[in-house]
Structures are given as C-alpha cells and as structure tokens.
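Reader: I would like to learn how to read the features of a protein model. Could you take me through one, step by step?

Author: Gladly; here it is.

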Amino acid sequence: MNYKKKRLTDAQFQINCRQKYDSKITDNLLKEHGLNPQTFSTMPLELTQARIVAVELLKHYSGFLNKEQIKALNKFNSKVINKKKCNQLKPTLAYPILNLATKIKRQAHKQEQQARLKIQ
C-alpha cells in the first residue's frame, strides 16, 4: 500500500504562514493589554474590558489611585488571571472596576485641562 503524502499547494502554504504570523501578533497584543490568549475567548465581555482597564490604570494612572484602589485592582487581576476561577466569575464583578476607571480618567482629564489653562 503506497499512500501519497498530501502536500499543500502554494496558496495553502501562504495562508498557513500568514495565519501563524497573525496569531503571534494577536497574542502579543492581548498579552500587552494583560489578557491571557487561552482564556480570552471564554471570558465574558465585561470581565475582558475590566481587565484591560485595570492594567491601564495600574500602568498609566497610578498617581491618581490610593492604596485601597490599588489593592482592589490587584485583587481583581489575580482573580481574572487564574484560569480555573476565571470561567466561574460573574460579569457583575467588573462593574466596580469600570466605574473606578471612569472616575480616575475623569480626574486625570480635569487635571490636564487645568494645567493647559495655566499655561495659556
């Protein structure tokens, strides 16, 4: 019994190479925003948004956060990072984080506006 080895056509080979390249870029983008590529597709949208916002707050707006808020963000991040617990979390857990993000970004925007007015 001679079986012929199935070979990819040139178009199929190009598609596979492009798909691998795009997957690497997507995974890097997700990791940059603090998301796990394996659990990304199974997480509720609210938790995903809250995770992105929490990472952004800790990176860029840490000067506006107090100790309790930082502790709450870190606690939320630790819950979302855990693969087993991540699927059991309810989307309502994300609302306080999203509200905090809105509050902090509003404070940062007001401070930036006041700084601009002082310059003029």
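Reader: Let me begin with one side chain: is Phe-64 buried, partly exposed or exposed?

Author: Buried means under 20% relative accessible area, exposed means over 50%, and partly exposed lies in between, using a 1.4 Å probe and protein chains only. Phe-64 has a relative accessible area of 28%, so Phe-64 is partly exposed. Before we go on, a word on the source: this is a predicted model, where local features need pLDDT of at least 70 and side-chain atom pairs count only at pLDDT 80 or more, while totals for chains, interfaces and linings use all residues. Residues are numbered from 1 along each chain as its sequence is written, and side-chain values use heavy atoms, with hydrogens and water left out.

Reader: How many aromatic pairs are there?

Author: Rings of Phe, Tyr and Trp (its six-membered ring) pair if their centres lie within 6.5 Å; planes under 30 degrees apart are stacked, over 60 edge-to-face, and the rest tilted. The count by this rule is one aromatic pair. Tyr-61 and Phe-64 have ring centres 6.3 Å apart and planes at 50 degrees, so this pair is tilted.

Reader: What is the secondary structure of the protein chain?

Author: Helices (H or I, at least four residues) and strands (E, at least two) are DSSP runs, numbered from the N terminus. The protein chain has five helices and zero strands, giving the pattern α-α-α-α-α along the sequence. Its radius of gyration is 21 Å, well over the 14 Å that the globule rule gives for 120 residues, so the chain is more spread out than a compact globule. That radius is taken over C-alpha atoms, and the rule is 2.2 Å times the number of residues to the power 0.38. Along the principal axes, the C-alpha trace spans about 80 × 40 × 20 Å.

Reader: What share of the residues of the protein chain count as buried?

Author: Of the 120 residues, 22% are buried. For contacts, the criterion is heavy atoms within 4.5 Å. Among contacts between residues at least 6 apart in sequence, 59% join residues at least 24 apart.

Reader: Which residues does Gln-69 touch, not counting those up to four places away in sequence?

Author: Gln-69 sits in helix H3, residues 67-81, and with 14% relative accessibility it counts as buried. Setting aside residues up to four places away in sequence, Gln-69 touches Phe-64, Leu-100, Lys-103 and Ile-104.

Reader: Where is Leu-58?

Author: Leu-58 belongs to helix H2, residues 45-60, and is partly exposed at a relative accessible area of 25%. Leu-58 and Gln-69 are eleven residues apart in sequence, with their C-alpha atoms 9.8 Å apart in space. Leaving out residues up to four places away in sequence, Leu-58 touches Leu-65, Ile-70, Leu-73, Asn-74 and Asn-77.

Reader: And is Cys-86 buried or exposed?

Author: Cys-86 is buried, with a relative accessible area of 1%. Cys-86 lies in helix H4, residues 83-86. Beyond residues up to four places away in sequence, Cys-86 touches Met-43, Leu-47, Lys-79 and Val-80. Its C-alpha atom is 9.4 Å from that of Pro-44, 42 residues away along the chain.

Reader: What separates the C-alpha atoms of Tyr-95 and His-60?

Author: These C-alpha atoms are 20 Å apart, for residues 35 places apart along the chain. Tyr-95 is found in helix H5, residues 95-119, and is partly exposed at 39% relative accessibility.
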